[in-house]
Amino acid sequence: MSRVYNFSAGPAVLPEEVLREAADEMRDYRGCGMSVMEMSHRSKVYDTIIKEAEADLRELMNIPDNYKVLFLQGGASQQFAAIPMNLMKNRKAGYIVTGQWAKKAFQEAKMYGEAVELASSADETFSYIPDCSDLDIPDDLDYVYICENNTIYGTKFKELPNTKGHLLVSDVSSCFLSEPVDVTKYGVIYGGVQKNIGPAGVVIVIIREDLISDDVLPGTPTMLKYKTQADADSLYNTPPCYGIYICGKVFKWIKNMGGLEAMKKHNEEKAKILYDFLDESKLFKGTVRKEDRSLMNVPFVTGDADLDAKFVAEAKAAGFENLKGHRTVGGMRASIYNAMPKEGVEALVAFMKKFEQENA
């Protein structure tokens, strides 16, 4: 069977050359006689793999020396607790709620202190990003938290909020490495890798060194202290070795593609093909305010639930997988991460045009 076009929101499509390379190395990694899945995380061979992955990520994102890069487990959702445990010194933090994941992080933070909702777009099913240029931000907040790209709702912060001098913490799970970022604008920038970078099971945390200390909330588990992980260079316990190895391959793939500037251009071209069609279509329409549209996740509907279901079924039969929208939005969602080729988006739009003609 040939490969399908996989529009899944995550775990998501990976670059084909990365998969081929990993397949070639599966039984014997570069002549060491074993798979990366089998080797000790304390071995010299694995030490090279993880150090090279970190060096490549630092180069891609231009990460300053005073930031630590941590390869951790537990997904982005475990960071919803780790962040307040490590950073909520005054027991007070601000959250901008623009979707389900920001909302979950906000609810989690309430367990550790006072979580203040600074802004929300829940009033219109998270279909836009609120104006964050002049928020009412209490002086005693430890940090301001955002989810930068909202996988379910297809929105993206095009400008970071004005935190009025407060630390910015950002979950970038679904826009990680999709475009250049200025790491210095964040105290913590983190994300699960299973959308743009690798297989599920790894979360990457990039954190400014002055935020790493033993001064954490009482009862913080040893494993959730950033200091534990930073002091051990992500090797306090056995890390998700194979996942990190694949991430390292994806970093090299992005470098070969021309880095994050080239990635952004590639992603803008793909997204334009789909959004331009949605703007012209009489049948399909996008659900997000134009200026807040994500380059990664594109939700759309026909306005008729039966027709949506028919589209998803016929698309699947035609080799377009995972187009069903999230239950809170309905309709369809095409996730077009870095590794989705432009041809995949062009083929989807051609299929949508045909469907529209047949069902007008």
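User: What should I know before we start?

Analyst: This model is predicted, so local features need pLDDT of at least 70 and side-chain atom pairs count only at pLDDT 80 or more, while totals for chains, interfaces and linings use all residues. Residues are numbered from 1 along each chain as its sequence is written, and side-chain values use heavy atoms, with hydrogens and water left out.

User: What makes a space a cavity, and how many of 30 Å³ or more are there?

Analyst: On a 1 Å grid over the protein atoms alone, a cavity is a set of points where a 1.4 Å probe fits but cannot get out. By this rule there are two cavities of 30 Å³ or more.

User: Which residues line the largest cavity?

Analyst: Lining residues have an atom within 4 Å of a point. Among them are Met-61, Glu-148, Lys-156, Phe-176 and Leu-260. The lining divides into eight nonpolar, one polar and three charged residues (Ala, Val, Leu, Ile, Met, Phe, Trp, Tyr, Cys and Pro count as nonpolar, Asp, Glu, Lys and Arg as charged, and the others, Gly among them, as polar).

User: How is the lining of the second largest cavity divided by class?

Analyst: That lining has three nonpolar, three polar and four charged residues, including Asn-149, Arg-293 and Met-296.

User: Why is α2 called oblique to α6?

Analyst: Helices are DSSP runs (H or I, at least four residues), numbered from the N terminus. The axes of α2 (residues 44-61) and α6 (residues 241-257) come within 9 Å and cross at roughly 40 degrees. That makes α2 oblique to α6, because angles under 35 degrees count as roughly parallel, over 145 as roughly antiparallel, 65 to 115 as roughly perpendicular and the rest as oblique. Axes are lines fitted to C-alpha atoms, for helices over the stretch in contact, and angles run from 0 to 180 degrees between N-to-C directions.

User: Where do α2 and α6 meet?

Analyst: Contact means heavy atoms within 4.5 Å. Residues including Tyr-46, Ile-49 and Leu-60 in α2 meet residues including Ile-244, Gly-248 and Phe-251 in α6. This contact divides into 11 nonpolar, one polar and five charged residues.

User: And what makes α7 roughly parallel to α9?

Analyst: The axes of α7 (residues 259-280) and α9 (residues 342-359) cross at roughly 5 degrees, and that makes α7 roughly parallel to α9.

Methods. 1 Å grid on protein atoms, 1.4 Å probe; cavity = no way out; pocket = protein on both sides within 12 Å on 5 of 7 lines; lining within 4 Å. Points joined across faces, edges and corners; volume = space filled by probe spheres on them. Helix = DSSP H or I, 4+ residues; strand = E, 2+ residues; numbered from the N terminus.
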